[in-house]
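Colleague: I have a model open here and would like to talk it through with you. Could you take a look?

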Amino acid sequence: MWTFAVKKLTFSKKQLVPLLFAPNKANLEFLVKLVKEGKLKTTIDSKHPLIKAEDAWSRSIDGHATGKIIVEP
């Protein structure tokens, strides 16, 4: 039900599952396990060199990013 509501709010066809954790050892070990099993994936929208940080900021502000925006040194 929650995922359906999130899809409707974000107008996304992707399956979105909220993941909220308090930073403690047990939770971090669980996250590592999910990553190793390939069950936790991060979507990267775009990568920008530091000199183009303004472009990354614009991408973030316009609200059309579909994942993380990375600024590389």
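Colleague: Leaving aside its neighbours within four places in sequence, which residues is His48 in contact with?
Modeller: This is a predicted model, and in it, with neighbours within four places in sequence set aside, His48 is in contact with Asp55, Ala56, Ile69, Ile70, Val71 and Glu72.

Colleague: And where is His48 found?
Modeller: His48 is found in strand β1, and its bridge partner in strand β2 is Val71. From β1 the chain crosses through helix α3, which covers residues 53-61, to β2, and this β-α-β crossover is right-handed.

Colleague: In which sense do β1 and β2 pair, and over how many bridges?
Modeller: They pair in the parallel sense, over 5 bridges, with β2 covering residues 68-72. Pro49, for its part, stands opposite Glu72 in β2.

Colleague: Back to the histidine: does His48 count as buried or exposed?
Modeller: His48 has a relative accessibility of 14%, and because the cut-off for buried is under 20%, it counts as buried.

Colleague: What does the side chain of His48 make a polar contact with?
Modeller: A polar contact of 3.1 Å joins the side chain of His48 to the side chain of Ser46.

Colleague: Tell me about Ser46, then: where is its place, and is it buried or exposed?
Modeller: Ser46 has its place in strand β1, which runs over residues 44-49. Its relative accessible area is 15%, which is under 20%, so Ser46 is buried.

Colleague: Which residues is Ser46 in contact with, leaving aside its neighbours within four places in sequence?
Modeller: With those neighbours left aside, Ser46 is in contact with Arg59, Lys68, Ile69 and Ile70.

Colleague: Changing topic to helix α2, what caps its N-terminal end?
Modeller: Asn24 does, with a side-chain oxygen that lies 3.2 Å from the backbone nitrogen of Ala26. After α2 comes Gly38, whose phi is positive, near 75 degrees.

Colleague: One more, on contacts with a separation of 6 or more: what part do residues 24 or more positions apart account for?
Modeller: Among contacts with a separation of 6 or more, residues 24 or more positions apart account for 20%.

Notes
Residues numbered from 1 in each chain as written. Predicted model: local features only at pLDDT ≥ 70, side-chain atom pairs only at ≥ 80, totals over all residues. Heavy atoms only, no water. Helix = DSSP H or I, 4+ residues; strand = E, 2+ residues; numbered from the N terminus. Buried < 20%, exposed > 50% of the residue type's maximum accessible area, 1.4 Å probe, protein only. Contact = heavy atoms within 4.5 Å. Pairing = 2+ DSSP bridges. Right-handed = clockwise from strand over helix to strand, strands pointing away. Polar contact = N/O pair within 3.5 Å; in protein donor to acceptor, adjacent residues only side chain to side chain.
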